[in-house]
Amino acid sequence: MNNSKIIIPFGELVNRSLSYVVYNYAILFKMMIVPVLLMFAVQLLLPKLGLSMFIVMIISSYLGVACCRKIVLNEEPVLSADYFRYMLVYLLRYLGISLLIFSVGSIFLGIVYLFGDEVAKTTVIGILQGKAPGLDASITIYFYLLIALLVAAFYSVRLRLSLASAAVNDQDINMLQAFQISKGNTWRLFGGFILANIPVLVIYFILLKLAMYLPDNLLWGLVFAFLGTIANGIDICIKASFDAHVYQYFAYFYHKQIEDAEAAAAKQLVEEEIKRRRD
């Protein structure tokens with residue numbers, strides 16, 4: 001098989017990912033409205049944060065799979081045993097990518113705690129408890145923790161290709177294969193992923209600014225919670241669009257390489273058979 005490096009066009013990737021969402025907003029809105037309502041209801045009615053987050057992740061995987069299948073296969077979401085299987089693989093891979101990123105941060109904190117002084121140990125405990133940094137030394141640890149997480153995220157973005165492959169049931173591209181075939185594209189994929197998510201960051205920023213100037217009461221709290229859930233749905237759709245377009249590009253050339261290699265092997269077998277018969 002020809003293992004030539006596949007290089008994805010950066011500008012085209014970002015343009016296609018965002019353009020699809022803009023030009024197909026009606027289709028995506030129709031697709032996301034029920035999941036968004038369910039996510040809002042779950043966050044509102046379930047007091048336990050862990051259970052609420054888990055159910056929201058399941059709903060998010062439904063929407064992510066639906067968007068990927070719509071973009072790649074032009075297929076509307078239809079609940080079935082197969083669809084739930086795609087969701088399960090999608091969710092497990094998403095959790096695997098998240099775990100990989102946070103494990104790097106955990107390893108860093110573990111090293112700091114084991115080999116650091118008392119200030120470092122106190123800082124690590126504070127981070128685990130969600131407390132803000134105080135001393136300059138603590139801020140330094142926070143800074144290096146952020147660097148470690150960014151490096152992990154930088155390389156892990158290549159694994160997102162496997163999310164779309166799970167959504168469309170492409171069993172040839174798993175997480176390891178996704179990392180291998182996207183080699184040489186880390187900067188392009190990471191930069192494209194950041195740019196593709198800027199619109200949602202702008203939406204969140206606007207919502208936060210508006211929340212500062214509006215009355216602090218239950219009604220407005222519910223309104224902004226619902227708007228935040230809508231923004232989360234848009235975020236899922238944009239990320240799925242990015243993943244699907246990355247998948248389409250790499251899958252096309254990867255499968256073409258496999259087909260070319262199989263055709264070349266078959267041709268060689270035929271030539272060898274002809275030569276054997278002549279001899």
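Author: Gladly, and let us begin with Glu76, which counts as partly exposed because its relative accessibility is 44%. The general idea is that buried means under 20% relative accessible area, exposed over 50%, and partly exposed in between, with a 1.4 Å probe and protein chains only. This is a predicted model, where local features need pLDDT of at least 70 and side-chain atom pairs count only at pLDDT 80 or more, while totals for chains, interfaces and linings use all residues. Residues are numbered from 1 along each chain as its sequence is written, and side-chain values use heavy atoms, with hydrogens and water left out.

Reader: Which side chain meets Glu76 in a salt bridge?

Author: Side chains of opposite charge can pair when their charged atoms come close. The cut-off for a salt bridge is a side-chain nitrogen of Lys or Arg within 4 Å of a carboxyl oxygen of Asp or Glu. Here the partner of Glu76 is Lys70, at 2.9 Å from N to O. Lys70 is buried, because its relative accessible area is 9%.

Reader: How many salt bridges does the structure hold?

Author: There are six. Another one joins Arg69 and Glu75, with 2.6 Å between the closest N and O atoms. Arg69 is buried at a relative accessible area of 7%, whereas Glu75 is partly exposed at 31% relative accessibility.

Reader: What about Arg85 and Asp82: how far apart are they in helix 4?

Author: An α-helix has 3.6 residues a turn, so residues three or four places apart point the same way. Arg85 and Asp82 are three residues apart in helix 4, about one turn of the helix. They form a salt bridge, their closest N and O atoms being 3.3 Å apart. Arg85 is partly exposed with a relative accessible area of 37%, and Asp82 is partly exposed with 39%.

Reader: How many helices and strands does the protein have?

Author: Helices (H or I, at least four residues) and strands (E, at least two) are DSSP runs, numbered from the N terminus. This protein has eleven helices and zero strands. Of its 279 residues, 38% count as buried.

Reader: How does the span of helix 3 agree with what it should be?

Author: The expected span of a helix is 1.5 Å times one less than its number of residues. Helix 3 has 25 residues (49-73) and should span 36 Å, and its end C-alpha atoms are 35 Å apart, which agrees. Asn74 follows helix 3 and has a positive phi, near 55 degrees.

Reader: Where does the nonpolar patch get its largest share of residues?

Author: A patch is made of residues with over 30% relative accessible area and no salt bridge; like charges are joined within 9 Å, and nonpolar side chains (Val, Leu, Ile, Met, Phe, Trp, Tyr) within 5 Å. Accessible areas come from the Shrake-Rupley method with a 1.4 Å probe, and for residues only the protein chains shown count as cover. On this surface, a nonpolar patch with about 780 Å² of accessible area together includes Phe10, Ile194, Ile198 and Phe205. Helix 9 (186-196) and helix 10 (198-213) are the elements that give two or more residues to it. The largest share, six residues, comes from helix 10. Ile198 lies in helix 10 and is partly exposed, at 37% relative accessibility.
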